[in-house]
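My notes follow in the order I looked things up.

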Amino acid sequence: MTEGVRFTGIPSAEELRGASGIPSQERMKKGPVAVIECVQEIPCNPCENACPFGAIKIGDPITNLPVLDGEKCTGCGTCVAMCPGQAIFLVNEAYSETETEISFPFEYLPQPETGDVVDAVNRAGEVVCKGTVTKVKMPPSYKNTCVVTIAVPKQYAGEVRSMKRLVLAESLPAPEKRSTASQLVCRCEELTREDIERAIDEGATTIDGIKRRTRAGMGLCQGKTCERLVARILSEKTGRPLADFLPATKRAPVRPVQMSIVADNCEEN
Amino acid sequence: MEELRVPHHPVLGDAPEKRQVTIYYQGQPVPAKEGEPIAAALLAAGIRAFRKTVHRHEPRGVFCSIGRCTDCMMIVNGLPNVRTCVTPVEDGMRLEPQDGFGHRELTGGEEE
Amino acid sequence: MKRFRTEVAVIGAGPAGLCAALEAHKLGARVTLIDENALPGGQLFKQIHKFFGSKEHLAGVRGYEIGRQLLKDLERSAADVMLNSVAYGVFAPNTVGVVQRGEHYAIEAKKIILAAGAKENYMSFPGSTLPGVMGAGAAQTMINVNRVLPGKRIVMLGSGNVGLIVAYQLMQAGASVEALVEAAPNIGGYGVHAGKIRRAGVPILTSHTIQEVYGDGCVEGVMISQLDQNWKPIPGTERAIAADTVCLAVGLNPMTELAWMAGCAFTFLPGLGGHVPMHDANMRTTVPDIYVAGDITGVEEASSAMEEGKLAGIAAAASLGYLDDAGAELRKNEVRARLDSLRTGLFGEKRQTAKQEQMRRMEEFCQRKDRV
């Protein structure tokens, strides 16, 4: 139940097997080809328009999963840059006897250079092997997405889908906790959940009622931050649905404005 | 201190050139880029606590960044309750962290 | 106070408001577009990823590029644009109160289009007020608009598209995302967005929550713990992570204050972010001269906000006589078809169902009113 893209962000082997964007094994052997790892029905079809050879079909509705025609695909890689979900890769099994080329979008700095040896990572970001950068492409038609190609040992070709960023902030050990900060529901008036609950115990049954008793929502943000939390506490404590709790009465000004500007100017009227 | 400005970006490219100005946080000069919000300049300088609250005197900083929550208020050129996330820097601007409601300087304020 | 009249006042120059203003202006209406910021565009300029949808929705184009295009269109138009202008209230009859650079305006409009957008939800835990805890949108504004990182080591709370996309963009700006924490047992947003950050090595911890954020004066550490099937923390699973920034991506809710003030009837739809002003197929509310568009009608995304804006703009202009009924219907139906196609599939269907329910309640409301 915890496998698959919905749970991990990584398509499971089964999801990939059934995907209509994955080329056949025979086609893979012939040379560079798009591998579309798009397994969720989302409203999106730029890949269809991006392909200059009509190899990707989505049709109507645009939530259809892309279908790849491996014979039409030339492995040009345009779709790799144009997929907003970055779910398309290029795999070139014909690269050499021992290595396969993998191309993927890489929108981080610094960009690698051809010839660099980098850490090749799998779909979970784990380093699986070294890869040699064979191409770094970013023509204007890619719209600011850099596509990097690396060559990796053949046995890792099915796993490698990106490379590790070249510069990373170092992870630190967690510091010790020295103090406990407040837990505030209303940030402006500095009220806790207990303050809200007490108001309900005292008879408040609406957001306005709580506002009058506690000032929750009366601060400078005018309830923009706490109102929904107050509604939820009310709903939990009274057992009534959230729909019952209307926001506090809205009055001008709905944004902080300097009252002197509004006041001074009203006299003319 | 770690570099917090983002001069280069893989998608957005290099940050547009902007004139450097100086603002003063508790009297100390802080470099800022013309036109950027006060809050951005302070965060870039590693300053994160902008004020102390009225009742609990707890620190607050940037929270919503679009002028909704008012957590990032400071005393700016003598005027309290200024939302620093939506107020652009000006050369020579004086910033004081606001403690509680803050107070308005009777002289030297920007207004009138 | 300065008074002036306009035909269509649009409040909010985000994707919805911009499209509404442009569309109404194109049809010949006199338009005044009001926004509190120094630049129009709303949140488009912080969206640096390529949009989904299809060609008609500008799919594959990055949000800020769409923003630039809309701004160009606006500059070329003769629409009246009031920036740095806070619309602080809507008053009867059809008057918007605005403060701009110390000046007070009362703008009387024949039609008002409210496109105020949405605001981020807040979540409360010990330390949720510490400097360094902020909305995911706040962090996104800092990195993509102001080009400043709010911190270097981030913990993201929430796996909806906002949490996933902002986590990715924080890394693009050079930060490290230590973990993405999600209370539900599954990821909320698109799998492809999750896939991007997984490949970058970010652990997505489902069935986890932030128990506490701690630090001396600002965020230094985050205590997380695992949740059981009843969403209760499992004792003994607490774990501390070193972080200087915690981003909350726990949903958005519509900015409806002005619609409440104007007397619009509301309905409650959790799928759209809570109480939303009811509207008909022309985006007209229960107050005849007031229209709504974009996230104020229920939280969706910029693509649908733009379409709703166009719909409201066309409808408002048509109601002023700038378009005959047949011409208006033709244009509106094109927009409606594009809107429908954005509300399909695994994720869109829920919104489509909520939107249809909204429409049903609106019809019911109107029938009841007619009977009275």
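**Chain A against chain C**

I began with one ion pair: A:K224 forms a salt bridge with C:E257, with 3.8 Å between the closest N and O atoms. The model is predicted, so I treat this as a computed pair under the cut-off of 4 Å for a salt bridge. Next I asked how many salt bridges the rule finds across the interface of chain A and chain C. It finds five.

I then looked up polar contacts. Across the interface of chain A and chain C there are 37 residue pairs in polar contact, both partners at pLDDT 80 or more. I noted which elements of chain A give two or more residues to the side that touches chain C. They are α1 (5-8), α4 (46-50), α5 (78-82), β10 (184-186), α8 (227-238) and α9 (259-266). By residue type, that side of chain A divides into 38 nonpolar, 21 polar and 18 charged.

For the extent, I have 77 residues of chain A in contact with 83 residues of chain C. The buried area between these two chains is about 6,800 Å², and carbon and sulfur atoms give 56% of it.

**Chain C against chain B**

I turned to the other face. Here 34 residues of chain C contact 32 residues of chain B. The two chains bury about 2,800 Å² between them, 57% of it on carbon and sulfur atoms.

Which residues form the salt bridge here? I find C:E36 with B:R68, the closest N and O atoms 3.0 Å apart.

On chain C, β8 (133-135), α3 (136-145) and β15 (245-248) each give two or more residues to the side that touches chain B. The largest share, four residues, comes from α3(C). I record this side of chain C as 16 nonpolar, twelve polar and six charged residues.

**Nonpolar cores**

Last, I checked the cores. The largest has 72 residues, and A:I150, C:M156, C:L170 and C:I197 have the most contacts inside it. Helix α4 (residues 161-172) of chain C gives the largest share of this core, six residues.

Leaving out residues up to four places away in sequence, C:L170 touches C:A139, C:I143, C:L149, C:P150, C:I154, C:M156, C:A175, C:V177 and C:C247.

I also noted a second, separate core of 44 residues. Among its members are C:A24, C:V31, C:Y64 and C:A318.

Definitions and conventions
Residues are numbered from 1 along each chain as its sequence is written. Chains are lettered from A and ligands numbered from 1 in the order in which they are written. This is a predicted model: local features need pLDDT of at least 70, side-chain atom pairs count only at pLDDT 80 or more; totals for chains, interfaces and linings use all residues. Side-chain values use heavy atoms; hydrogens and water are left out. A nonpolar core is a set of buried Ala, Val, Leu, Ile, Met, Phe, Trp, Tyr and Cys residues joined through side-chain atoms within 4.5 Å. Buried means under 20% relative accessible area, exposed over 50%, partly exposed in between (1.4 Å probe, protein chains only). Contact means heavy atoms within 4.5 Å. Buried area is the accessible area (1.4 Å probe) that two parts lose on being put together, summed over both. A salt bridge is a side-chain nitrogen of Lys or Arg within 4 Å of a carboxyl oxygen of Asp or Glu. Ala, Val, Leu, Ile, Met, Phe, Trp, Tyr, Cys and Pro count as nonpolar, Asp, Glu, Lys and Arg as charged, and the others, Gly among them, as polar. A polar contact is a pair of N or O atoms within 3.5 Å; within protein, one must be able to donate a hydrogen and the other to accept it, and residues adjacent in sequence count only if both atoms are side-chain atoms.
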